[in-house]
2 protein chains.
Amino acid sequence: MKNYLKHDEWCIIEEGFHREYNEITESVCSLGNGRMGQRGNFEETFTGKTLQGNYVAGVYYPDKTRVGWWKNGYPEYFAKVLNAANWIGIKVEIDGEELDLNRCEVADFRRVLNMREGYLERSFIATLASGKQIKVYTKRFNSIVDDESGALSYSITPLNFDGKLILTPFIDGDIKNKDANYDEKFWDEIHRETAFAEGYIELRTKKTGFHVVTGQKFEILQDGKSVDFQSFPIKAEKYVASQVSLDVISGQETTLIKYACNLSSENYAIEELLPAAKAYLAKVSAKGYDKMLAEQAEKWISKWHINDIVIEGDVAAQQGIRFNIFQLNQTYSGEDARLNIGPKGFTGEKYGGSTYWDTEAYCIPFYMATSDAQVARNLLVYRWKQLGRAIENAGKLGFKDGAALYPMVTMNGEECHNEWEITFEEIHRNGAIAYAIYDYINYTDDKSYLAEYGFEVLLGIARFWAQRVNWSIAKKQYVMLGVTGPNEYENNVNNNWYTSYIAVWCLKYAKEVAEYIKSTDSARYAELVDVLNLNEEAEFGKFQHIIDNMYLAEDKELGIYLQQDGFLDKELIQVKDLAASERPINQKWSWDRILRSCFIKQADVLQGIYFFEDDFDIDTIRRNYDFYEPMTVHESSLSPCVHSIIAAKLGDKPRSYEFYQRSARLDLDDYNNDTEDGLHITSMAGTWMSVIKGFGGMRVRGGQVHLNPFVPENWKSFAFKIRFRNNILNIITTSDNVTIENLEGGDITINVGTEAYQVKTASSVVVALGETELV
Amino acid sequence: MKNYLKHDEWCIIEEGFHREYNEITESVCSLGNGRMGQRGNFEETFTGKTLQGNYVAGVYYPDKTRVGWWKNGYPEYFAKVLNAANWIGIKVEIDGEELDLNRCEVADFRRVLNMREGYLERSFIATLASGKQIKVYTKRFNSIVDDESGALSYSITPLNFDGKLILTPFIDGDIKNKDANYDEKFWDEIHRETAFAEGYIELRTKKTGFHVVTGQKFEILQDGKSVDFQSFPIKAEKYVASQVSLDVISGQETTLIKYACNLSSENYAIEELLPAAKAYLAKVSAKGYDKMLAEQAEKWISKWHINDIVIEGDVAAQQGIRFNIFQLNQTYSGEDARLNIGPKGFTGEKYGGSTYWDTEAYCIPFYMATSDAQVARNLLVYRWKQLGRAIENAGKLGFKDGAALYPMVTMNGEECHNEWEITFEEIHRNGAIAYAIYDYINYTDDKSYLAEYGFEVLLGIARFWAQRVNWSIAKKQYVMLGVTGPNEYENNVNNNWYTSYIAVWCLKYAKEVAEYIKSTDSARYAELVDVLNLNEEAEFGKFQHIIDNMYLAEDKELGIYLQQDGFLDKELIQVKDLAASERPINQKWSWDRILRSCFIKQADVLQGIYFFEDDFDIDTIRRNYDFYEPMTVHESSLSPCVHSIIAAKLGDKPRSYEFYQRSARLDLDDYNNDTEDGLHITSMAGTWMSVIKGFGGMRVRGGQVHLNPFVPENWKSFAFKIRFRNNILNIITTSDNVTIENLEGGDITINVGTEAYQVKTASSVVVALGETELV
């Protein structure tokens with residue numbers, strides 16, 4: 001846990017250069033626009049601690065899998081997020097001395113991520129070995145308006161000398177992934193080209209053959225005015241640069257404005273890439289840096305208009321929640337159904353693949369409530385596009401006849417993970433993918449999705465479950481053997497309640513959706529029956545038999561669902577009785593000890609209760625919460641949010657807030673000592689859910705918004721904006737009341753506690769908060 | 001399954017050169033003397049398919065562990081068997097053409113492993129590209145008399161020319177392990193030296209710092225007479241050679257006799273290694289090749305005198321069983337308690353480490369019955385020596401107070417395996433190590449072992465079990481969670497019956513042994529209590545509480561023990577109903593599918609019944625056998641023997657023989673397509689057990705030998721010799737009767753079926769075999 005970043009409502013501020021934390025700050029200060037992004041690296045050379053990282057969405061490399069012991073079914077290759085060409089680079093030399101903050105005295109250092117307007121700025125005074133002092137000011141952004149480009153300004157002012165300044169803006173494509181399995185470089189050079197103050201590199205990924213052209217174009221200003229200059233081209237393997245030599249005088253500010261673009265063959269024909277890149281840079285440079293920056297600010301502010309959560313009375317919390325919202329928006333803009341939400345976004349390369357069940361379980365609610373419905377829809381379509389691969393994937397494990405198992409981690413639909421207990425057994429992910437369809441329909445009422453795409457996915461998943469269970473002669477019920485639930489601190493267990501419950505739910509929902517399509521669009525239904533080779537009677541009959549006869553582990557005496565068979569054989573210890581020196585157990589204990597302990601990594605039974613809460617009465621929820629939470633170590637960043645929401649539902653406000661706090665500033669405070677690898681993007685959506693579904697108590701039931709809000713004790717108030725179908729609402733909660741502002745859209749009914757309120761267009765309703773009943 | 005080796009009672013014969021199978025034949029023709037060994041490689045250059053392998057017992061390298069996903073507790077390094085300097089090498093050139101069987105015509109090729117006398121010979125006629133023909137005859141052995149040396153003779157006769165023959169005998173230490181995790185070479189050169197017809201290399205292993213001096217000394221004969229020659233030294237990195245140029249004439253035989261030695265710092269002070277090697281070669285070369293060879297034959301023949309199994313009426317079976325006995329004797333001679341029985345012996349390098357539970361469960365019975373008691377004792381002492389490491393190993397998994405967990409695989413006591421489900425959970429190995437002590441005492445009556453060494457090991461193991469179980473409030477019994485039983489097609493199960501049963505047995509036996517020592521040697525007992533920090537009351541009280549309250553899974557209705565909790569939830573299919581195309585399942589199915597299937601890799605419940613058969617009535621044994629065997633795929637080479645023995649006990653002679661056959665010629669016929677990696681040494685002991693304990697029905701009960709023999713249908717008779725305490729017995733079984741010859745030792749009582757027979761010194765008893773009752 002670190003505390004060197006300044007608390008501020010809108011900015012992340014590093015004051016004074018924290019060399020030792022530089023990789024953490026780089027992660028935190030990452031920029032992205034959904035298409036490309038990079039870590040908060042310095043533009044100039046830096047020989048200190050740094051993890052250089054530039055990423056282009058959708059471009060990956062299938063690295064040869066590395067394992068200790070091979071198991072049949074492991075993927076031979078798996079997709080890695082690629083570290084791509086560095087376009088921010090500028091080599092800075094002053095009278096032959098190179099600027100490098102690792103090798104000079106640094107004063108007045110300040111690095112600021114401005115989340116309101118979407119840029120990163122940095123200023124400092126450097127004293128070189130020679131004693132020469134310069135003042136530097138930089139600003140950089142990845143444009144969300146022109147989203148294949150970024151721009152930066154880099155200003156240098158000599159403070160105590162006149163001299164020769166050499167600036168060498170470059171693009172360096174000679175990049176290696178830190179996590180390459182065999183120390184291989186993944187890029188080949190196709191082309192390099194320079195022109196006056198301009199340069200391009202075209203690289204191609206090995207094996208996958210993605211082409212990416214990265215270009216730069218720059219101009220120089222002195223004291224704010226454009227100047228003429230000469231530019232000497234420098235080329236090397238996967239590298240282009242232009243060297244500019246300038247005479248500078250003390251007090252005079254020289255500014256290099258650099259425009260850059262990343263165009264990939266995902267969006268252009270290969271032969272058009274280079275001309276398109278040139279045209280792109282011509283366009284953005286004609287628009288100009290100031291205009292780009294102004295548009296950037298405008299678009300970010302408009303995003304905040306419907307994304308923001310305003311917390312009064314707690315600056316740290318305010319900063320934390322905005323940071324989460326900002327990073328989620330930087331990672332995924334929702335315009336491209338081929339993309340998804342990488343667990344590290346554009347902030348690091350630690351995990352292979354980009355798509356986990358995190359997307360469906362944690363991220364979709366955020367995007368549904370803060371963006372146009374199309375964004376969440378695209379996330380669903382992403383899985384539909386990969387259905388064929390999911391069927392192939394299931395085939396590798398022996399399933400057939402259209403059964404689909406979505407991979408644990410993926411980029412292109414193929415599995416990117418290879419621990420058998422996860423890859424082959426953590427199959428509940430399939431359930432979350434189905435659940436997200438339900439969640440989306442429930443939230444948006446976009447039922448057209450079901451016939452168009454949804455049912456195909458639902459049926460593939462349902463078919464998987466129907467084959468995955470088996471009839472137990474001993475239990476005279478269906479059982480599900482050999483699974484790993486969301487609690488990865490149990491492996492290869494039998495009858496994990498969560499997995500079995502969601503499996504049954506999937507079967508029910510697939511049948512229900514089939515009925516719906518049949519009754520509303522019989523032609524499309526007939527088409528689907530045909531395309532999917534669906535034998536309604538046999539398959540739905542089997543589904544129903546499983547629904548009616550599935551074994552769901554429970555202990556009637558304790559009144560709880562059993563995480564899995566045999567859970568009560570464990571030594572049941574509470575986390576509070578575990579010595580601090582033993583935690584986190586995933587660092588202190590051997591794996592077998594973790595497995596046979598009762599300790600739970602993240603919500604498992606409670607994840608099911610969270611998803612399907614209306615299936616359970618409040619006493620059942622409380623008994624399960626009271627039983628499992630005390631044994632939960634929350635060693636996944638995805639754990640606290642679910643507990644925060646359930647605690648809120650149970651009226652346990654202090655615990656709800658406590659859980660919220662565990663994830664709210666996870667990266668800003670480097671809570672788990674791993675922020676240097678990149679940010680925990682998907683868990684940020686969980687934090688957002690803690691506020692909206694936890695403190696706000698928001699649910700959608702029967703097509704209406706239901707609220708049940710409270711203000712955490714140390715806050716004065718909090719307000720969140722959400723889109724709900726055609727409305728934009730602002731919900732402001734104080735300790736006394738909740739105000740519902742209907743900002744956009746027609747009249748709407750909003751439920752607070754057990755009462756329904758009509759909120760007319762462009763007006764608001766204030767509801768006093770008493771001791772509302774739990775609902 | 002291959003069938004290119006000729007059936008012969010005493011020899012393994014390859015007639016005609018089977019290039020494509022050369023690596024298999026190399027494995028089969030491996031030579032060893034317990035201290036060193038090598039694969040059946042050619043002496044001269046061979047550019048075809050070959051796996052060059054030379055091994056020196058006890059010399060290992062801790063290779064950096066390689067895993068896909070790290071788990072706490074994995075060993076950072078693990079010991080690998082080292083491929084060592086090649087001492088057999090001779091470069092052969094004829095008028096400038098190099099002899100290489102891959103690049104010339106080969107006729108009359110014959111490679112013969114003579115098991116009776118312990119050597120490998122080879123003859124062929126090669127026609128070089130030039131048309132020149134030579135006849136070659138070679139013979140090689142690793143001396144079991146002078147067991148740090150080997151010798152070879154290499155004879156060449158020109159058939160159709162006179163010319164220049166250049167022979168370059170060499171030692172090549174520039175060797176890489178095929179299975180190196182990071183392509184590293186594990187040896188550094190310390191010294192190289194040549195003299196006339198002599199050369200030495202001293203190598204040191206990286207990290208472990210073992211020194212090995214490999215030396216050669218040679219002489220040349222023509223037409224059987226020693227000749228004078230000049231020898232030109234050649235030296236290179238890790239390489240020494242002597243080049244000899246000879247004029248040869250058609251029909252004249254030139255023979256190179258090469259003596260070699262491997263001396264290691266395990267047995268000599270480092271500074272003495274080189275002089276000792278020189279002295280060693282001086283000694284053996286003075287003795288001379290012919291005498292060495294004669295002594296080799298004599299000693300092997302004397303070994304066979306008490307090791308042999310004679311089968312009449314089935315040459316293939318005869319060859320198979322002798323091959324197994326031969327290889328076991330080549331691998332481990334039992335003189336050095338620091339050594340053990342590697343799963344591949346000196347025949348390959350496939351597995352890291354040398355010691356598995358195979359030693360205790362399968363090999364010790366062989367060595368007890370065929371060698372001096374000291375040999376088995378040394379195998380037990382090996383584990384005693386590693387007790388400290390086993391305690392450390394348990395410590396890594398959170399155990400304390402002297403609890404010992406022996407590693408799954410080891411060389412020096414440290415764990416050499418890293419799959420969590422095996423390394424951390426296949427803990428039943430601890431039970432087998434305790435069981436072997438019991439087995440040894442039962443067989444040899446050497447009770448002194450208990451006070452001297454055995455109890456310390458037993459207590460460490462018992463302490464482990466006492467900490468490994470936990471009290472289940474649900475069951476009101478002790479349970480054992482998260483284990484992998486001998487059936488590795490189940491991972492991380494609860495209450496594996498075999499593991500729990502042997503754990504309880506260990507607790508009982510440890511207490512029993514404590515009582516025995518206390519009552520027979522109270523001074524030593526007091527010493528042990530002190531050294532082991534034993535709190536008798538508390539610890540033995542805990543042991544007894546577990547013994548009295550351990551949960552052992554069973555199904556009373558079916559009358560079977562349950563392999564583990566939940567086994568009956570599986571879909572219970574029989575192997576016979578599995579399509580041939582689906583087998584072996586470990587190659588055809590993904591791991592999760594294997595795990596949730598009912599299919600069993602090797603004896604698990606039946607392994608327990610085999611170890612503790614007197615605990616169970618015959619009906620119980622039959623019910624368990626009838627239940628589990630049909631679901632057993634026997635995809636471990638250790639599986640069939642246990643089933644063969646139990647089938648024999650149940651009177652199912654055809655099945656007993658069928659199981660025997662599955663392992664008897666496993667390597668000779670390359671049954672599993674993996675003999676090229678080396679031989680399955682430890683399973684050879686299992687095959688031996690099938691004959692002695694299966695067909696012979698031999699048991700030791702109450703200090704007496706019990707027999708219950710039958711002859712498999714296609715055999716006329718079989719005879720096996722065993723040592724039992726002070727006697728050497730020969731047991732000859734025909735379909736009519738069994739003859740018990742008391743070859744050495746005093747009068748002895750032998751039980752056949754339910755009757756006891758007195759067999760006087762140097763006499764024999766013949767017992768007619770009727771339909772004996774099952775016992």
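Strand β14 (residues 163-172) of chain A runs antiparallel to strand β20 (residues 239-248) of chain A, and eight bridges join the two; strands here are DSSP runs of E at least two residues long, helices are runs of H or I of at least four residues, and both are numbered from the N terminus, while two strands pair if DSSP finds at least two bridges between them. Within this pairing, L165(A) stands opposite L246(A) in β20(A). The model is a predicted one, in which local features need pLDDT of at least 70 and side-chain atom pairs count only at pLDDT 80 or more, whereas totals for chains, interfaces and linings use all residues. Residues are numbered from 1 along each chain as its sequence is written, and chains are lettered from A and ligands numbered from 1 in the order in which they are written.

Strand β20(A) also takes part in a pairing with strand β19 (residues 232-236) of chain A, to which five bridges join it in the antiparallel sense. Here K235(A) stands opposite V240(A). Two residues lie between β19(A) and β20(A), which together form a hairpin, and K238(A) in its turn has a positive phi of about 55°.

For residues 698-759 of chain A, the unreviewed UniProt entry lists "domain: Glycoside hydrolase family 65 C-terminal", a span that is 0% helix and 66% strand, with end C-alpha atoms 16 Å apart.

Two open sheets of chain A can be described next. Four strands, in the order β27-β28-β32-β33, form an open sheet of mixed pairing, and its edge strands are β27 (699-701) and β33 (755-759), each of which pairs on one side only. The twist of this sheet averages 35° from one strand to the next, where axes are lines fitted to C-alpha atoms, for helices over the stretch in contact, and angles run from 0 to 180 degrees between N-to-C directions. Inside it, strand β28 (residues 704-707) and strand β32 (residues 748-752) of chain A run parallel and are joined by three bridges, with N751(A) in β32(A) as the bridge partner of H706(A).

The other sheet is also open, with five strands of chain A in the order β22-β29-β30-β31-β34 and antiparallel pairing. Because β22 (309-312) and β34 (764-768) of chain A stand at the edges with a single partner strand each, one side of each is left without a neighbour in the sheet. Its twist averages 15° from one strand to the next. Strand β31 (residues 737-744) of chain A pairs with β34(A) over five bridges in the antiparallel sense, and N737(A) stands opposite A768(A). Helix α20(A) packs on this sheet, touching β22 and β29 (717-724) of chain A, and its direction makes about 95° with that of β29(A); contact between two residues requires that their C-beta atoms, placed from the backbone, lie within 7 Å.

The loop between α19 (653-664) and α20 (681-695) of chain A holds D677(A). This residue counts as partly exposed because it has 19 C-beta neighbours inside 10 Å; the cut-offs are 20 or more other C-beta atoms within 10 Å for a buried residue and 12 or fewer for an exposed one, with partly exposed in between and C-beta atoms placed from the backbone. Leaving aside neighbours within four places in sequence, D677(A) is in contact with G348(A) and K350(A).

In chain B, 15 of the 17 residues of α4(B) are buried, so this helix is largely enclosed by the rest of the structure. For helix α6 (residues 373-385) of chain B, the buried residues include L379(B), Y382(B) and W384(B), and what covers the buried residues includes α5 (358-370), α7 (387-396), α9 (429-444) and α10 (448-468) of chain B.

Finally, the contact between the chains takes 40 residues from chain A and 40 residues from chain B. On the side of chain A that touches chain B, α15(A) gives the most, with five residues.

Key
UniProt positions are given in the numbering used here, feature names are shortened, and annotations may be inferred rather than shown by experiment.
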